[in-house]
Amino acid sequence: MSTKNILAIVVAFIWISISEFIRNSYLVHSHWIEHFGKLGIAFPEAPVNGAVWGLWSLVFAILIYTIYQRFTFLETFVIGWVVGFVMMWLVIGNLGVLPYSILPIAIPLSMLEVFLTIYLIKWISKKQV
């Protein structure tokens, strides 16, 4: 793997981390707090939870990079968004910990996150489609 490909993954990881942090810590934070409060539990915000989200962001960046090596931009977008977000929402929705009120905000922002992640990977690694 070349230096520019590693850089593409690192930049994608940073972008995903920033996007996730802004969305969940600012834009929909009150939805999470309220929903978890109604469940009678505290929203998990300890440093270890942030570290796990950091790991998720790194794995997601690597996943998007890997998918993009084999598929087109659009195919990578669809696969990446479904695997990264739709599957997560299905699982946490099934567990009852997903505040559905976040979805009108989270869906378009997650799509933007995946789109820009692929664009950054394409731009930095110079992969032509």
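W32 is a buried residue, with a relative accessible area of 10%; buried here means under 20%, exposed means over 50%, and partly exposed is in between, using a 1.4 Å probe and protein chains only. This is a predicted model, where local features need pLDDT of at least 70 and side-chain atom pairs count only at pLDDT 80 or more, while totals for chains, interfaces and linings use all residues. Residues are numbered from 1 along each chain as its sequence is written, and side-chain values use heavy atoms, leaving out hydrogens and water.

F36 is buried too, at 8% relative accessibility. W32 and F36 sit four residues apart in helix α2 (residues 29-38), which puts about one helical turn between them. Helices here are DSSP runs (H or I, at least four residues), numbered from the N terminus.

Now for the rings. The whole structure holds 12 aromatic pairs. Rings of Phe, Tyr and Trp (its six-membered ring) pair if their centres lie within 6.5 Å; planes under 30 degrees apart are stacked, over 60 edge-to-face, and the rest tilted. W32 and F36 have ring centres 6.1 Å apart and planes at 55°, so they make a tilted pair. Y68 and F73 pair up edge-to-face, at 6.2 Å between centres and 85° between planes, and both of these residues are buried. Elsewhere, ring pairs link W53, W56, F60, W81, F85 and W89 into a cluster.

What about charges? A salt bridge is a side-chain nitrogen of Lys or Arg within 4 Å of a carboxyl oxygen of Asp or Glu, and by this rule there are three salt bridges. Here they are:

| Salt bridge | Closest N to O |
|---|---|
| R23 and E113 | 3.2 Å |
| K38 and E34 | 3.2 Å |

R23 lies in helix α1 and E113 in helix α5 (residues 103-125), so their bridge ties together parts 90 residues apart in sequence. R23 and E113 are both buried, and E20 counts as buried as well, at 8% relative accessibility. Within helix α1, R23 and E20 are three residues apart, about one turn of the helix. K38 is exposed at 66% relative accessibility, whereas E34 is partly exposed at 48%. Through shared partners, salt bridges join E20, R23 and E113 into one network.

Definitions and conventions
Helix = DSSP H or I, 4+ residues; strand = E, 2+ residues; numbered from the N terminus.
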